[in-house]
Amino acid sequence: MDPNAVKSTLSNLAFGNVMAAAARDYQKELLAQQKAGASSSVNEEVDLDELMDDPELEKLHAERIAALKKEVEKREEWKKKGHGEYREITEGDFLGEVTGSEKVTCVCYISRIIDKHLKSLAPKHIDTKFIKLDAENAPFFVTKLAVKTLPCVILFRQGVAVDRLVGFQDLGGKDDFTTRTLEALLIKKGIIAEKKDEDDEDDEYLDSTRRVVRSSTIAGSDSE
């Protein structure tokens, strides 16, 4: 991949979504400062065209670009480890899977009800790995982990089992719970993080960034 092509691509992106986002952030900061000083101009709008030449905005823009580049790299690394999807693993893969990521949610026993919800949560919470293990075909680890009630969702941090959900007792005792109910419980357990609206906006931008970078890579390969 041509480094200059990537640099050019990111530069172009900077004056697109990132510049607009940085301008919005800067505008919010200015309005907050005005409000703190009890200024009568709190509700005045800041001209985005004027902001484009502001050195503070340029600094925000550069910081945002650097942060997003780092986030893209981090997400690509997570995907290489199997994050972003809900997968079934074998007993032989178990140790490598749970020790290879910081946060792992593992379902012991194949449950269609749990499967449906975790399949939806996996791409949303890409920093956590979501896997399932058929308890009947993994007797060694089922015994080691003292799994007695199924389904059992075991939560791992740094390869260590730190918590678990046994059956549906933490979900109202019924199997008609919603995905949001399970998500809230996993957030409370600390295995996934609360998603904010600004996180969703960054997710959309990161997706577009990856697409553009891939296009640049392909174009660079064709020109060689």
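Modeller: Gladly! Two strands count as paired if DSSP finds at least two bridges between them; helices (H or I, at least four residues) and strands (E, at least two) are DSSP runs, numbered from the N terminus. This is a predicted model, in which local features need pLDDT of at least 70 and side-chain atom pairs count only at pLDDT 80 or more, while totals for chains, interfaces and linings use all residues. Residues are numbered from 1 along each chain as its sequence is written, and side-chain values use heavy atoms, leaving out hydrogens and water.

Residues 103-108 form strand β2 and residues 129-133 form strand β3; the two run in the parallel sense and share 5 bridges. To find one of the pairings on your screen, look for C106, whose bridge partner in β3 is I131. In general, strands of a sheet pair through backbone hydrogen bonds, either parallel or antiparallel.

Now step back to the whole sheet. It is open, has 5 strands and mixed pairing, and reads β1-β3-β2-β4-β5 across. At its edges you will find β1 (86-89) and β5 (160-166), each of which pairs on one side only. From one strand to the next, the twist averages 25° (axes are lines fitted to C-alpha atoms, for helices over the stretch in contact, with angles from 0 to 180 degrees between N-to-C directions).

Next come the helices that meet this sheet. Helix α5, made of residues 112-121, lies across β1, β2, β3 and β4 (152-157), and its direction is about 125° from that of β1. Helix α7, residues 179-189, also packs on the sheet: it touches β3, β4 and β5 and makes about 150° with the direction of β5. Contact here means heavy atoms within 4.5 Å.

These two helices also pack against each other. The axes of α5 and α7 are 10 Å apart, and the packing angle is about 70°. On the α5 side of this meeting are H117, L118, S120 and L121, while α7 brings T179, L182, E183 and L186.

Finally, here is where this part sits in the chain. The protein has 8 helices and 5 strands, and along the sequence they follow the pattern α-α-α-β-α-β-α-β-α-β-β-α-α. Contacts also reach along the chain: among those between residues at least 6 apart in sequence, 70% join residues at least 24 apart.
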